[in-house]
Amino acid sequence: MSIIGKTIKPFTATAYKEGKFVDVSDADVKGKWSVFFFYPADFTFVCPTELEDLADIYPTLQKMGVEVYSVSTDTHFSHKAWHDTSPAIGKINYYMLGDQNHVISNNFDILREGVGLADRGTFVADPDGVVQLVEITPEGVGRNAAELLRKIKAAQYWASHPGEVCPAKWEEGEETLAPSFDLVGKI
């Protein structure tokens, strides 16, 4: 069942962010675009490559009004330990949410049943807390932050330009489409 078009369900969690433990809830994500970036576990192999890649584009996302929440079923204490010991994870300035009770992972239907770990899932919510983008990959396939950035730009454009849609491979500044009966069968 698709989560696209659904509002983020209630949650509360403790996160590690910039040297502090902070509480985060679903109410905190309202009013801005949000990325929920689920990954299986701290101190693993593919995860730090993805999280570092995301850290590299985080300043750009912030300028676009987008906040990032990485989520694993580890605790916020584990996130701090990983941040303090890994050069790649040490670059992270976004929220690292602990989801040891699995509420957030279950809310996004990304928890691997019987395993207790989240799959690699990316969910982008608009300022109303409605999920607009979803990407899920298996454990051995890492994600690309540049492609995530492109998709967020397209989603933001589409949200602010009713009547226009972004075609495949759309990049900021390129032409969009205005769906109409005249276009049917011509593209």
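Predicted model: local features only at pLDDT ≥ 70, side-chain atom pairs only at ≥ 80, totals over all residues.

Begin by selecting helix H2, residues 46-63, together with helix H5, residues 145-160, whose axes come within 9 Å and cross at roughly 30°. Because angles under 35 degrees count as roughly parallel, H2 is roughly parallel to H5, and the crossing in which H2 passes H5 is right-handed.

Next, show the side chains where these helices meet: H2 brings Asp-53, Leu-54, Ile-57, Thr-60 and Leu-61, while H5 brings Ala-145, Leu-148, Leu-149 and Ile-152.

Now turn to the largest nonpolar core, which has 27 residues, and select Val-35, Leu-51, Leu-54, Leu-61, Tyr-94 and Ile-152, the members that touch the most others. Which elements give two or more residues to this core? They are strand E3 (33-38), H2, strand E4 (66-72) and H5, and the largest share, 7 residues, comes from H2.

Leaving aside neighbours within four places in sequence, Leu-51 is in contact with Phe-37, Tyr-39, Ser-70, Trp-82, Ile-89, Ile-92 and Tyr-94.

For the last stop, select Ile-8, Phe-38, Ala-118 and Phe-123, which are among the members of a second, separate core of 20 residues.

Note on methods:
Residues numbered from 1 in each chain as written. Heavy atoms only, no water. Axes fitted to C-alpha atoms, helices over the stretch in contact; angles between N-to-C directions. Helix = DSSP H or I, 4+ residues; strand = E, 2+ residues; numbered from the N terminus. Parallel < 35°, antiparallel > 145°, perpendicular 65-115°, else oblique. Left-handed = near helix turned anticlockwise from the far one by under 90°. Contact = heavy atoms within 4.5 Å. Core = buried A, V, L, I, M, F, W, Y, C linked by side-chain atoms within 4.5 Å. Buried < 20%, exposed > 50% of the residue type's maximum accessible area, 1.4 Å probe, protein only.
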